[in-house]
Amino acid sequence: MDHAVDAADLATLKFGVGQPVPRKEDPTLLRGLGQYTDDLNLPGQAYGVMVRSRVAHGIIKGIDTAEAAAMPGVLGIYTGADLIAAGIGLMPKGLVFKNRDGSDMPKPDQYPLTVDKVRFVGDPVAIVVAETHKQAKDAAEAVFLDIDVLPAVTESAEAAAPGAPLLYDGVPNNIILDYHFGDAEKVAAAFAAAAHVTTLRLRNSRIVVSQMEPRSAIGAFEADTGRWVLRLGCQGAFPMRDLLTVPLKAEKKDVRVLTGNVGGSFGMKSSVYPEYVAALHAAKVLGRPVKWTDERSESFLSDSHGRAHDMECSLALDKDGHFLAVRLNGYGNMGAYLSNATPQPPTLNAVKNTIGVYRTPLFEVSTKCVFTNTTPVGPYRGAGRPEGNYYMERLIDAAALELGIDRVELRRRNHIQPEQIPYTTPSNNVYDSGDFPALLDDALALADWDNFAQRRIESRARGKLRGRGIGHYLEVTAPVSNEMGGIRFDDDGGVTIITGTLDYGQGHASPFAQVLTQYLGIPFDKIRLLQGDSDELIAGGGTGGSKSAMASGGAIIEASEVVIDNGRKIAAHVLEAAVADIEFSAGRFSIVGTDRGIGIMELAAKLREGLKLPEGVPHTLDAKLVGKNAPSAFPNGCHVAEVEVDPETGIAEVVRYTMVNDFGVVINPLLVEGQAHGGIVQGIGQALRESVVYTEDGQPLTGSYMDYALPRAADAPLPAYGSHPVPARTNLLGAKGCGEAGCAGALPSVMNALVDALREVGVTHIDMPATPLRIWEAIQVANRKAAA
């Protein structure tokens, strides 16, 4: 028995919370044995291809499908009118916000396949279904769209200007939301009284999400049960089921969502897309499954984009360099529709995430969210969190330069101190934990900040400019609500965790199993994870907003308590003792004060073998519940980047990168560091490489990787990683979330470092993406000014 206890303790030491356990799924995925949606093929399956608009804006006069319908293998062609006639409804309209005057934002109707106008290049107008994908693709190219072309508008400020082309009759000036937060009078007074005001116009460029796996879906309809079944990659089977009930006009019980492996999403796959509804409709009409898979060039048009914000940002300071107020005023580009877009990043998330780690008494945000003739703009890794931190950190560096104050000192002078926590921000967030000054000190030490001058001299000797930048970020995660915690002891001796978050690359299986091993002593290799079947879930918020560890981890802990409670009652019967005398520790139920006991896995085996139990004693160890809600957490950290610039070519390279993060209790440090690495590379990509470009008439010029520059491995050094955890006090695990933090630290640190390098040649500001051409042009302009 001592041996059994020792084994459980050793398992916890090796596989419990805090251990760097490799991802359970990697052996399967690395051998090519994963099951992504496009790997699946159902009996009798047909293939769908979308017909899309090739113009950005126009009135649909007609859709001629006659030639296409007569082509070999074609089974059906369905337009928006066909879907409406069949009873298919409108697309979901997303979150509801109030305008500054208190009125509701307008939410224009959107059908899965547009019937009146096309509003962006790629707008879906029909689906062609055939026996093979090639036949469907050939026929889709033969569908003739008769469209009266209208003027288009792609930039937010231009779209909101008087006389701009209108995308919707009921949305004046294309402004879908005129958002305001803060006390305008108090903020104005603070700026009027300020000893110094720093103002920057900052652009967050539009991003193609570029997830590894293109979207794919297989729609089916079960005529005998009347149920819709959709297989797809998404961010949560349970919320996707609920969203699908809107266009399908179906009860929740009549929709099932099945998700296998998912090859990335970054927020983009969280919503219902028109292709899913079209495939389900076609499947019902044809009586056979219909599969649709995006091609990469198509995904550049059809997948929601990210970022696309333009802000004028201002920071007011007193004579001693203390922050008085921050003000943001600008635009968020929504693209053409709301179903795959969201106004939250440039509004509410800007409110929550701009103040960061600094004492700032007053804050105001004014954002106009605007429709344009472009692909809808949705959540992208951080969804307003990196943007907010970027605004603040760029303002601080600019203010430090203008005031002649060291940038580190200005940050220290305005830090929220540990003794001030809990701290309520002007955004109404309550920080429950954190040590921001110590994080800054740790990061500067790890980055060898004090010896930077020598590295700059070495760069100059090679003809390079060198700069360093700080990104001292704090994020506000999504709150936790209605997450399932399920623990099932299976017939084969394994144990399955059932929860409604969804792994689309994060690696949930190992850390969730670590939580279960920690709390129940169940062998790590016996634990499975089930997330992707909406029929198995009683609740679930999906994955997003850096909340999965808090949501599912907390629910698993609560479910573990139910397992222990059930187990104590069952063990009391087996051990012939009173329930009050049974204790549980390290995976074992035992009688207090004795060496008599039984392991949890042995007890589960007895139940499988038919253990007879008296009335009133639970007949299973299984648990199924909805976990308690928890507020947002506040992951934070300090990133330090060093950038070299070749002034002759404009090429910028991130040559050194350091980060120290506070993610609270870290379940798996190996995976957490990997998540940070990925976010950093995406931040570097946005800062130096990536941007979607449209012509004036709405044609995308960056329609493939020939024109759209993703970061590569050579673009990012291996970061130095440090951790300064301060456990959160608001959730059972003490975790804070980490999935989006890399972007939040990378954007400001890289751009601050770049500007620091370029200051040597007279450049004091440059916008993202800082491509070689833009950098070279900025240097030439500065040279001409210096020579004048």
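User: Is the crossing of α19 and α20 left-handed or right-handed?
Analyst: Right-handed. A crossing is called right-handed if the near helix is turned clockwise from the far one by less than a right angle, and left-handed if anticlockwise. Helices (H or I, at least four residues) and strands (E, at least two) are DSSP runs numbered from the N terminus.

User: What model is this, and what are the limits on it?
Analyst: It is a predicted model, in which local features need pLDDT of at least 70 and side-chain atom pairs count only at pLDDT 80 or more, while totals for chains, interfaces and linings use all residues. Residues are numbered from 1 along each chain as its sequence is written, and side-chain values use heavy atoms, with hydrogens and water left out.

User: Back to the helices. What angle and axis distance do α19 and α20 have?
Analyst: Helix α19 (residues 669-688) packs against helix α20 (residues 741-758) at about 40°, and the axes are 7 Å apart. That angle makes the pair oblique. The classes are roughly parallel under 35 degrees, roughly antiparallel over 145, roughly perpendicular from 65 to 115, and oblique for the rest. Axes are lines fitted to C-alpha atoms, for helices over the stretch in contact, and angles run from 0 to 180 degrees between N-to-C directions.

User: Which residues meet there?
Analyst: On the α19 side they include Ala676, Gly679, Ile680 and Gly683, and on the α20 side Gly742, Ala746, Leu747 and Val750 are among them. Contact means heavy atoms within 4.5 Å.

User: And α13 with α14, how do they cross?
Analyst: The axes of α13 (residues 407-414) and α14 (residues 436-446) come within 10 Å and cross at roughly 160°, so the two helices are roughly antiparallel. The crossing is left-handed. Val408, Arg411 and Arg412 of α13 meet Leu440, Asp441 and Leu444 of α14.

User: How many bridges join β1 to β5?
Analyst: Six, between residues 46-52 and residues 124-130, and the strands run antiparallel. Valine 49 has valine 128 of β5 as its bridge partner.

User: Is serine 304 buried or exposed?
Analyst: Serine 304 is buried, because its relative accessible area is 2%. Buried means under 20%, exposed over 50%, and partly exposed in between (1.4 Å probe, protein chains only). Serine 304 sits in the loop between α10 (296-302) and β13 (306-317).

User: Which side chain does its own side chain make a polar contact with?
Analyst: That of tyrosine 273, at 3.2 Å. A polar contact is a pair of N or O atoms within 3.5 Å; within protein, one must be able to donate a hydrogen and the other to accept it, and residues adjacent in sequence count only if both atoms are side-chain atoms.

User: Last one. Where is proline 346?
Analyst: Proline 346 is in the loop between β14 and α11 (348-353). Proline 346 is buried, with a relative accessible area of 1%. Leaving aside neighbours within four places in sequence, its contacts include His309, Met311, Val365 and Cys369.

Technical notes. Pairing = 2+ DSSP bridges.
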